Amino acid sequence: MIRIKNIFWIILAIPVLLTLSTCEKEDPFKDDLEPNNSRDEAFGLTLGEQVNASIAKGDHDWYSFSVETNGIIDKAGIEIKNLTEEMELTVVLYDSQGNQFGSFTGNAGINMNITLTTRTSSYYIEIYDKNSEQEGKYKITITLLQANDSNEPDDTFKNARIIPSYPSEDITGIVLVNASDADQYGDFEFFILLVNLNKIVNFTLTPTADDIKMNYKIFSEDQSVVVEETEGTPGQILQASVGNGSGGSMSRYLRVGATLGETGNGNYTISFTDTDI
Ligand SMILES: [Ca+2]
Ligand SMILES: [Ca+2]
Ligand SMILES: [Ca+2]
């Protein structure tokens with residue numbers, strides 16, 4: 001009888017002990033965001049709000065976020081503060097369809113700052129320890145940087161900025177992302193120039209940085225090319241003019257773009273004057 005009792009206790013004791021251990025010792029690496037272990041379970045982040053998160057051993061954390069930029073090109077900052085010295089975080093970025101487009105791994109214990117060029121869209125992020133061995137805590141914040149200029153949107157013929165009179169004020173702007181015939185999805189800046197009969201309209205395009213190559217291209221009213229893309233050397237000021245010696249007044253589209261250098265500084269100034277032919 002005694003032996004049977006013992007066996008009985010052993011069988012019962014194992015599940016009781018297991019239950020007690022999970023109740024009393026809370027896993028410090030389980031957070032309120034769980035379960036967010038797959039894209040379908042991604043935790044929705046709000047821009048500008050910091051979230052405290054944990055990685056348990058072998059844990060993968062998924063997040064989703066959306067940016068609304070009113071259709072202009074902007075940048076979003078992804079800031080991850082790694083609070084655990086041993087953790088080597090890997091961050092993988094996916095588009096709204098789940099296609100991977102970026103992957104980053106930081107050294108052990110270091111914070112990560114990733115800048116994402118974006119128009120209005122939604123994204124997924126997956127975060128995990130590179131070796132799936134460490135557990136630890138981190139904080140994540142995504143912020144819309146509002147890095148473009150106040151002339152936006154001006155990326156298309158349709159929303160070109162009209163230059164109403166000459167001389168114009170000095171217009172300052174930023175080419176945030178490479179834009180040229182070779183970079184069609186970049187941050188172009190379109191202007192409409194009204195050119196009266198027997199007038200020449202001149203423009204001066206001045207970059208701030210020494211390492212940016214500005215470019216321009218001129219189109220007629222029907223958007224056909226009048227002057228092919230012309231690119232400056234790094235830091236070069238570009239000047240050109242559009243003349244009108246026949247017929248009535250006319251208009252021209254000026255498309256400005258740039259290829260950024262190492263500094264990533266896309267700031268420029270443009271001004272317009274007119275003179276008699
Ligand atoms: Ca987690
Ligand atoms: Ca711009
Ligand atoms: Ca633009």
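## Pairing around β12

In this predicted model, Arg161 stands opposite Phe191 in β12. The two residues belong to a parallel pairing in which strand β10 (residues 161–163) is joined to strand β12 (residues 189–195) by 3 bridges.

Strand β12 also pairs with strand β17 (residues 250–259), here in the antiparallel sense and through 7 bridges. Within that pairing, Ile192 has Tyr253 in β17 as its bridge partner.

## Confidence and domains

The average pLDDT of the protein is 90, and 90% of the residues score at least 70. Where pLDDT is low, the predicted coordinates should not be read in detail.

The domain assignment places residues 29–144 in domain 1 and residues 161–276 in domain 2. The centres of domain 1 and domain 2, taken over C-alpha atoms, are separated by 39 Å.

## The sheet β2-β9-β4-β7

Four strands in the order β2-β9-β4-β7 form an open sheet with antiparallel pairing. At its edges are β2 (51–55) and β7 (112–118), each of which pairs on one side only. From one strand to the next, the twist averages 25°.

Within this sheet, strand β4 (residues 74–82) and strand β9 (residues 136–144) are antiparallel and share 7 bridges. Gly77 has Thr143 in β9 as its bridge partner.

## The sheet β11-β18-β13-β16

A further open sheet has 4 strands in the order β11-β18-β13-β16, and its pairing is antiparallel. Strands β11 (171–174) and β16 (238–244) each have a single partner strand, so one side of each has no neighbour in the sheet. Neighbouring strands are turned by 25° against each other on average, direction ignored. Strand β11 pairs with strand β18 (residues 267–276) in the antiparallel sense over 4 bridges, and Gly173 stands opposite Tyr268 in β18.

Ser241 is located in strand β16. Ser241 counts as partly exposed because 16 other C-beta atoms lie within 10 Å, a value between the limits of 12 or fewer for exposed and 20 or more for buried. Apart from residues up to four places away in sequence, Ser241 touches Ile200, Val201 and Asn202. Ile200 is 41 residues from Ser241 along the chain, and their C-alpha atoms are separated by 6.4 Å.

## Cis peptide bonds

The peptide bond from Glu152 to Pro153 is cis, with omega near 0°. Pro153 lies in the loop between β9 and β10.

A cis peptide bond also runs from Tyr166 to Pro167, with omega near -5°. The loop between β10 and β11 contains Pro167.

## Positive phi values

Ser132, a residue other than glycine, has a positive phi near 55°. Ser132 is found in the loop between β8 (121–129) and β9. With 13 other C-beta atoms within 10 Å, Ser132 is partly exposed.

Gln223 likewise has a positive phi, near 70°, and is a residue other than glycine. The loop that holds Gln223 lies between β14 (213–219) and β15 (225–231). Gln223 is exposed, since 8 other C-beta atoms lie within 10 Å.

How values were computed:
Residues numbered from 1 in each chain as written. Chains lettered and ligands numbered in written order. Predicted model: local features only at pLDDT ≥ 70, side-chain atom pairs only at ≥ 80, totals over all residues. Domains from an automatic or database assignment. Pairing = 2+ DSSP bridges. Axes fitted to C-alpha atoms, helices over the stretch in contact; angles between N-to-C directions. pLDDT = per-residue confidence, 0-100. Contact = placed C-beta atoms within 7 Å.
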